Amino acid sequence: MARMSPRVVPATRPSLEERIDLWFSKGHLVDGIWVGSFRSDAKPAIQRIEDALRLIERNAPLHYRRVKNNLTRIWVNLVPHGAGCYLHSLNACVLDERAVASQTATVEWIASAIVREATHARLEKLGIRYDEAVRNRIERVCALRELNFARHLSGADALLEEINWRLDQCGGDNVFYTNQNMWEQTVQGNAEILRHLGTPEWVITLVFRAGYLVNGIRRFTRRTAGASVQ
């Protein structure tokens, strides 16, 4: 069995695209963490993130300290491979704007996602890369940290059920977190992003055929240290 041995993680500079997106994002510091959104109507998303941070602080101070110590940013943007990810180049928890705005996404769910991505950040800082050989074990560690947090909350049965479901995906024989499966989900997710932005189907088809989107996926995948596909 592969072991998660500490290694030095090379520093990654933010891409030009990331720097531009940050420049156009609105946000502010919340207890030392930059909280922001790329959306033009950023205020509702930012408020939900602030509410989630306060929920963590009230119910699980240890988890809150870990979030503060391991994340520089919590950024609401579009994510092609699930509801959230940890972006190493920005030391950021990136949460998908569609998930954050969804009526089914509770503040407890958002708080749990922040705890998860802060754990990804912590593992990265320890030198543990998000490689396929150890990915299931990394996701298991992050889900267990989430589970510990969720148990501090009242009325979180649905959230606990979801976390336990993700724990089941971390079994040694499960292909959920393989490179191939995550690649396929990212390709599909990018198409859904284009649809979300109102792109006509014929343009999406053309983009895929031209290969531009595929190259963009490769660049995004290289920059992303962790992903939580839900």
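This is a tour of a predicted model, stop by stop, with what to select and what is found there.

Because the model is predicted, local features need pLDDT of at least 70 and side-chain atom pairs count only at pLDDT 80 or more, while totals for chains, interfaces and linings use all residues. Residues are numbered from 1 along each chain as its sequence is written, and side-chain values use heavy atoms, with hydrogens and water left out.

**Whole chain**

Begin with the entire protein, coloured by pLDDT, which is the predictor's confidence in each residue, from 0 to 100. The mean pLDDT is 86, and 87% of the residues reach 70 or more. Select residues 1-10 next: there the pLDDT is below 50, and the stretch has 25 contacts in the model beyond near neighbours in sequence, a contact meaning heavy atoms within 4.5 Å. Residues 222-230 also stay under 50 in pLDDT, and for them the model has 47 contacts beyond four places in sequence. Where pLDDT is low, the predicted coordinates should not be read in detail.

Switching to a cartoon view shows ten helices and six strands; helices (H or I, at least four residues) and strands (E, at least two) are DSSP runs, numbered from the N terminus. Of the 230 residues, 49% are buried, where buried means under 20% relative accessible area, exposed over 50%, and partly exposed in between (1.4 Å probe, protein chains only). Among contacts with a separation of 6 or more, 63% are between residues 24 or more positions apart.

**Helix H1**

Select residues 16-24, which form helix H1, and show the side chains of its buried residues, Glu18, Asp21 and Leu22. These lie on the same side of H1, because they cover an arc of only 100° around the axis, the arc being that of the directions from the helix axis to the C-beta atoms. Turning to the other side of H1, one finds Leu16, Trp23 and Phe24 exposed.

**Helices H2 and H3**

Now select H2 (residues 43-59) together with H3 (residues 61-70), whose axes come within 5 Å and cross at roughly 130°. Axes here are lines fitted to C-alpha atoms, for helices over the stretch in contact, and angles run from 0 to 180 degrees between N-to-C directions. H2 and H3 are therefore oblique to each other, given that angles under 35 degrees count as roughly parallel, over 145 as roughly antiparallel, 65 to 115 as roughly perpendicular and the rest as oblique. On the H2 side the meeting residues are Leu53, Arg54, Ile56, Glu57 and Asn59, and on the H3 side Pro61, His63, Tyr64 and Val67. By class, this contact has five nonpolar, two polar and two charged residues (Ala, Val, Leu, Ile, Met, Phe, Trp, Tyr, Cys and Pro count as nonpolar, Asp, Glu, Lys and Arg as charged, and the others, Gly among them, as polar).

**Two loop residues**

Most residues other than glycine have a negative phi. Asp31, in the loop between strand E1 (26-30) and strand E2 (33-37), has a positive phi of about 55° and is partly exposed, with a relative accessible area of 38%. Move on to Asn91, in the loop between strand E4 (84-87) and strand E5 (92-96): its phi is positive, about 45°, and at 14% relative accessibility Asn91 counts as buried.

In strand E4, select Cys85, which is buried at 0% relative accessibility. Finish at Ala158 in helix H7 (residues 157-168), exposed with a relative accessible area of 58%; Ala158 and Trp109 are 49 residues apart in sequence and 9.3 Å apart, C-alpha to C-alpha.
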